Amino acid sequence: MAICCSHRYTSLTTLVSRAVKRLLCKCFSERNTRLSRSSLKNTRIYDHTRLPAEIWHMVIREATSMTPDPLDTTIELSFLEATTLHLPAYHASMWFKMSLSLVSKRWNALVRPFLYEFVWISRAQQAKALAHTLLLEFVEGAGSSGRFLRRLHIETSVLERCAPADLHTILEYSPQLMVYTDHHSVQRNRYDVPMDPRCRPERLLSLLAHPRSQLRRLSWTNYDDQPFQQRMSSLQQMRTMRLEYLELSSCSPNFRAFFPDSISRTSTTGVVELPVQLPALKSLKVSVDNDMFAVLATWDMPMLRNFSVVSADFSYTGQGFYQFLEAHGKSIRQLELGHSSSVVEEHYLTTPGRRATQDASLVRLCPNVTEFICSADVEWHWESPDWIAPHVLLPFHPRVELIAIRDIDARITDALGMGLTGDGGPAFFPLLEQMSSLLRYEAFPALKYLRDLSVESAILRTHQPHPAVQKFWRRVFSQCQTRGINITFRALKRASLVSG
């Protein structure tokens, strides 16, 4: 093994010794011990073979930490501050943990909890290997490594989706999960093959929603056409008081979406209630249909503050969506609406007896929203100056203080691709008009901040920016200053728009 090489072992020993010294010095300074400097010079104090297991766990935690911390459940509750985990960083961390575990049997036992605390499955074979390991440990009577698992992240390609049977085994032997994330990475059941009862969606969810569940973050994907209330029925028995973040999405084609009349006859007149209580839930992100919104309206979520919906446009026009906002809209402080298109406007303009300006706006349903997130990567509204609202359902709001924009890099890239970026060129004109409309006092009188959430846009703005990009942002910053939105000199300098 590579770990047996002398230079590799020396580097590990040096790194661990440095971590021990940093940790001991920190403990000495924080606890204000009476150890003199002469006693600290004693080399036996730094003899790592004499350290107890508790100190070793602190040392290994210090040496194998990742940024951002994948086990920190207090972050990412706001959709503005979402951090991204990177697979190469995870691989580097796991390689180092594996190296430590191969030093000796004692080190293997010490590092074992850290090897399994965060598992990222990126291929189907990895899920099968993990399930096989947990089963072998159970058969051999050894302590299951699944008890160390705190975060399970499943993100694979389409052809590498995990088998539901493997996922069932992993969840069955992982009772202490705090974070579960599935990014459309579980295989769907074939219609010509009978489904294993253990692999039914409600059965898998029940393994996460057991009475002693410590779950704080849940990202769940629906893969079949069963009624939403049946798939999520396990949440009724979920006694956890800790769930703070919930993300629901669907990987199944919703054929009922093409028949809105049938939806209104079935779901709006007799909605099947699903009495779910989530007393600690603060953030909800959904990509569901109109019927699911109607069921969510019956949930008890008193602490809900952040709401993000990225759905097809028919969901915005359905009564289920408005039933949800009637029930929970007043508690929402941060609102994110996904792509809007002419389908939404056409519905509200052509429906008899409906006034688009008043009924379509969410001002009445969400009166306490102070942060609004929209997307610039929309073909119709964001490229036509004829419609200048950030979203068709929120053309104005008296209390919004911050508007954040996603995917603005797509619009900038399209503008640069037009090749008409010279003085007076029309490439950036539509986007500049859209940005200018956000600063209108009549639409958002309380607006204080305008934020670009695109990392790629920041790169285009700061790393050898195109002159047309500089000119575009210079105009935006100038309009922000005119409106009274704070743009500091340091921000301008970072954007390479001023010298010095």
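Visitor: Which residue does Leu 402 stand opposite in E11?
Guide: In this predicted model, Leu 402 stands opposite Tyr 449 in E11. The two strands involved, E10 and E11 (residues 449-452), pair in the parallel sense over four bridges.

Visitor: And what about E9, how many bridges does it share with E10?
Guide: Strand E9 (residues 371-375) and E10 pair over five bridges, in the parallel sense.

Visitor: Is E10 mostly covered or mostly open?
Guide: E10, which runs over residues 402-406, is mostly covered, with four of its five residues buried.

Visitor: Zooming out, what sheet do these strands sit in, and in which order?
Guide: They belong to an open sheet of eleven strands with parallel pairing, and the order is E1-E2-E3-E4-E5-E6-E7-E8-E9-E10-E11. The edge strands are E1 and E11, each of which pairs on one side only.

Visitor: How much are neighbouring strands turned against each other?
Guide: On average, and with direction ignored, neighbouring strands of this sheet are turned by 10° against each other.

Visitor: Switching to helices: at what angle do H17 and H19 cross?
Guide: The axes of helix H17 (residues 429-438) and helix H19 (residues 467-483) cross at roughly 15°, and they come within 10 Å. Because angles under 35 degrees count as roughly parallel, H17 is described as roughly parallel to H19.

Visitor: Is that crossing left-handed or right-handed?
Guide: H17 passes H19 in a right-handed crossing.

Visitor: Which residues meet there?
Guide: From H17, the residues are Leu 431, Leu 432, Met 435, Ser 436 and Leu 438, and they meet Phe 472, Trp 473, Arg 475, Val 476, Gln 479 and Arg 483 in H19. Sorted by class, the contact of H17 with H19 has seven nonpolar, two polar and two charged residues.

Visitor: One more helix, H7: how many of its residues are buried?
Guide: Seven of the nine residues in H7 (residues 164-172) are buried, so that this helix can be called mostly covered. The buried residues are Pro 164, Asp 166, Leu 167, His 168, Thr 169, Ile 170 and Leu 171.

Visitor: What covers them?
Guide: The cover over the buried residues of H7 includes both strands and helices. Among the strands are E1 (118-121), E2 (151-154) and E3 (179-182), while the helices include H6 (124-140) and H8 (201-208).

Terms used:
Residues are numbered from 1 along each chain as its sequence is written. This is a predicted model: local features need pLDDT of at least 70, side-chain atom pairs count only at pLDDT 80 or more; totals for chains, interfaces and linings use all residues. Side-chain values use heavy atoms; hydrogens and water are left out. Buried means under 20% relative accessible area, exposed over 50%, partly exposed in between (1.4 Å probe, protein chains only). Contact means heavy atoms within 4.5 Å. Axes are lines fitted to C-alpha atoms, for helices over the stretch in contact, and angles run from 0 to 180 degrees between N-to-C directions. Angles under 35 degrees count as roughly parallel, over 145 as roughly antiparallel, 65 to 115 as roughly perpendicular and the rest as oblique. A crossing is left-handed if the near helix is turned anticlockwise from the far one by less than a right angle, and right-handed if clockwise. Ala, Val, Leu, Ile, Met, Phe, Trp, Tyr, Cys and Pro count as nonpolar, Asp, Glu, Lys and Arg as charged, and the others, Gly among them, as polar. Two strands pair if DSSP finds at least two bridges between them.
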